[in-house]
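Have a look at the model first.

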Amino acid sequence: MPLPLPRLRSVVLVVGAALLAKRAMRHRIENSPLWPLPALENPVSGHCDRGSTTTRRLLITERTAPADGVVQLRLEGPDLPAWQPGAHLDLLLPSGLVRQYSLCGNPADPDTYTIATRLVEEGRGGSREVHDRLHEGEEIEVRAPRNRFPLVEAPAYLFIAGGIGITPILPMLRSVAASGADWRLLYGGRSRATMPFLDGIEKLGAEGGRVTIVPGDEAGHPDTAAALADTAEGTAIYCCGPEPLMDAVTAALPPGRTLHLERFTAATTSSADSGPFEVELHRSGRTVQVAAGQSVLAAVREELSHVSYSCEQGFCGTCQQRVLEGEIDHRDELLTDSERDDSMLICVSRCRGERLVLDL
């Protein structure tokens, strides 16, 4: 039976409106700067193997001061991802800053992460925020631990730490001491009062004279050259601390030893000592111009504001992106040789030619 005229008119109006909306949406999509989107089988950027980007909220259950100017936080939560000595944790601070801090607790504790940070008055604000705003009973958002400073098997170990650089090394000391391995520690700082975990470390190495403590106000700078000269071939050298300390260790390293460095700040880099170039963002269908004094990250974020970053100094790995074409001028302190083949940290690294293509 035919529809009544008023009802038929309503159906026609609804169908017509739907067709017009569909046509308008198609027109909007096709005129978007992101259309068409290339269909890459396995996009990599933003999905590197540095650990999950999933965040979780942990409770701050304890706040202590293991040294002058140092705050230690105990973070607790259920079923935390496991970690190994040398790992660090991303803290998503209340202001939105993201900072990395070495885990210095016990990897065998499944429900606890422990970090410590020194207040850096002239820093970029992260340590100040930790000291001023994070207290017992509050929650903090974190990302799963990542490890760029793993403890490898070796016939002997020499650990060299400066100040807060002891934090990633502390779990290593506990591990090698428990295993019965041959190890020594050279630990320097401005003064005993400023050197965290000092009492526990001295007890750990009480037998065999394994630990040498060098407070600057009492004994000057640690003699890294003498400590290195006293190592046997095959010894693994682990060093974390101020840049001058790591430079001295690198310069005095004898042949046949392996050196592992952990940096809290990157070596000095500059964007101004190379010319401009262009970067094609392959999946987005856009091209950006990178000026001589501008980072790739800054140029890209003018077009894609969601691109993740943190340290802006080339040592945290947050901004790593896959490179599809072009010759990379690597200026970071993080990527392995294999990672450098097809990816870069866009906060510091640049192009050796005139054009790069990123998987973005």
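A: Start with a term: contact means heavy atoms within 4.5 Å. Helices (H or I, at least four residues) and strands (E, at least two) are DSSP runs, numbered from the N terminus. This is a predicted model, where local features need pLDDT of at least 70, side-chain atom pairs count only at pLDDT 80 or more, and totals for chains, interfaces and linings use all residues. Residues are numbered from 1 along each chain as its sequence is written, and side-chain values use heavy atoms, leaving out hydrogens and water.

Q: Which residues of α7 are buried?

A: Buried means under 20% relative accessible area, exposed over 50%, and partly exposed in between (1.4 Å probe, protein chains only). In α7, residues 243-252, the buried ones are L245, M246 and V249. Down the axis of α7 they fall within an arc of 95 degrees (taken from the directions from the helix axis to the C-beta atoms), so they line one face of the helix. On the face turned away from that buried side you'll find the exposed P244 and A251.

Q: What covers the buried residues of α7?

A: The cover includes β7 (156-162), α6 (224-229), β10 (236-240) and β11 (258-262).

Q: How do I read phi?

A: Most residues other than glycine have a negative phi. Now look at D79: its phi is positive, about 50 degrees, and it isn't a glycine. D79 sits in the loop between β2 (70-76) and β3 (88-92).

Q: Where is F197 found?

A: F197 is in the loop between β8 (182-189) and α4 (198-204). F197 also has a positive phi, near 65 degrees.

Q: Are D79 and F197 buried or exposed?

A: D79 is exposed, at 67% relative accessible area, while F197 counts as buried at 15% relative accessibility.
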